[in-house]
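This report walks through one protein chain, from the whole to single residues. Please look over the sequence and the model first.

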Amino acid sequence: MKRVMLTVAYDGTNYCGWQVQPNGIAVQQVLNAALSEITGEQIHTIGASRTDAGVHARGNVAVFDTSARMPGNKYSYALNTRLPDDIKIQGSREVSPEFHPRFTSTVKTYEYKILNRRFPDPTRRNDTCFLYVPLDAERMDRAARYLIGEHDFRSFQASGETNPDRSTVRTIYSARVICEEDLIRFRICGNGFLYNMVRILAGTLVEIGKGRTEPEELKGILESRDRSAAGPTAPARGLTLMEIKYPEWEPDFCCRRDNK
């Protein structure tokens, strides 16, 4: 048996999320079916991030185990001939059997995009959240700086979280809001994110961009550890998982860095 890692990109518009579930078609379900056809085995992928319905990815990571003889780097080509246009593999490689995409320290980067203009643009309807109310991106960027560092992000966790004992402390390495003509991009990088955390952060920054909340108030919202103090949850379609990195592992995933 060998373990193969895939870098997966998808438009999440038509899917109920990454994870297989009974109420709709999931990205993982489509990927499992294609891999099972290629290998002649019953394949079950393990994903690094269980993105929600409507959320997109450019760099989600998944692994699967197989006894098929195909080299790891060939699976990207074989899969892309079988996958639909809204799911495509960006790379594949064989990795150490010890490597697990969820139980390994990661650095994840998300981006939330807001189309801020008078009228909607139908060509950008799937991967941006449209808002016609003018937003002050500079105020939003000032507020985002308060997110950097290690904090308890309980205020930005969805109320439906099923495990109340799970730690809500996360470390954010960078957080910026950048305006490019009519597109506002909130980009955040950290060692992990709570359920709906980025979308709630985006919704809170929108309130700041509208002038309803001052940028400096974000610090108090963080410290309150109270979901009701934060803003609304922004729509899923504006969110994209951009990249996942594994800093403890060598680029070829043959061994851990600390064992070198």
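What does the accessible surface of the protein chain come to, and what share of that surface belongs to carbon and sulfur atoms? The surface is about 12800 Å², and carbon and sulfur atoms hold 47% of that area. Areas come from the Shrake-Rupley method with a 1.4 Å probe, and for residues only the protein chains shown count as cover.

The model is predicted: local features need pLDDT of at least 70, side-chain atom pairs count only at pLDDT 80 or more, and totals for chains, interfaces and linings use all residues. Residues are numbered from 1 along each chain as its sequence is written, and side-chain values use heavy atoms, with hydrogens and water left out.

**The whole chain**

The protein chain holds five helices and 10 strands. Helices (H or I, at least four residues) and strands (E, at least two) are DSSP runs, numbered from the N terminus. The radius of gyration is 19 Å, close to the 18 Å that the globule rule gives for 260 residues, so the chain is as compact as a globular protein of that length. That radius is taken over C-alpha atoms, and the rule is 2.2 Å times the number of residues to the power 0.38. Along its principal axes, the C-alpha trace spans about 60 × 45 × 35 Å.

Of the 260 residues, 53% are buried. Buried means under 20% relative accessible area, exposed over 50%, and partly exposed in between (1.4 Å probe, protein chains only). Consider contacts with a separation of 6 or more: 70% of them join residues 24 or more positions apart. Contact means heavy atoms within 4.5 Å.

Charges come next. The protein chain carries 36 positive and 33 negative side chains. The centres of the two sets lie 2 Å apart. Lys and Arg count as positive, Asp and Glu as negative; His and the chain ends are not counted. Each charge is placed at NZ of Lys, CZ of Arg, CG of Asp or CD of Glu.

Helix α1 runs over residues 27–39. At 1.5 Å a residue, its 13 residues should span 18 Å, and its end C-alpha atoms are 18 Å apart, which agrees. The expected span is 1.5 Å times one less than the number of residues. In α1, 10 of the 13 residues are buried, so the helix is largely enclosed by the rest of the structure. Among the buried ones are Val27, Leu31, Leu35 and Ile38. Their cover includes β1 (2–10), β3 (56–66), α2 (75–80) and β4 (87–95). Just after α1, Gly40 has a positive phi of about 75°.

Helix α4 also has 13 residues. From first C-alpha to last it reaches 18 Å, close to the 18 Å expected. Here 13 of 13 residues are buried, and the helix is mostly covered. Gly211 follows α4 with a positive phi near 90°.

**Loop residues**

Glu181 sits in the loop between β8 (169–180) and β9 (183–190). Its phi is near 55°, positive in a residue other than glycine. Glu181 counts as exposed, at 77% relative accessibility. Asn196 lies in the loop between β9 and α4 (197–209). Phi of Asn196 is near 65°, again positive in a residue other than glycine. Is Asn196 buried or exposed? Asn196 counts as buried, at 15% relative accessibility. Gln42 is in the loop between α1 and β2 (46–47). At 77% relative accessibility, Gln42 counts as exposed.

**Strand residues and pairs**

Val169 belongs to strand β8. At 35% relative accessibility, Val169 is partly exposed. Setting aside residues up to four places away in sequence, Val169 touches Glu150, His151 and Asp152.

Leu115 belongs to strand β5 (residues 107–116). At 1% relative accessibility, Leu115 is buried. Leaving aside neighbours within four places in sequence, its contacts include Asp121, Arg124, Phe130 and Leu183.

| Pair | Separation along the chain | C-alpha to C-alpha distance |
|---|---|---|
| Gln42 and Thr66 | 24 residues | 9.0 Å |
| Val169 and Phe153 | 16 residues | 6.0 Å |
| Leu115 and Gly238 | 123 residues | 9.0 Å |
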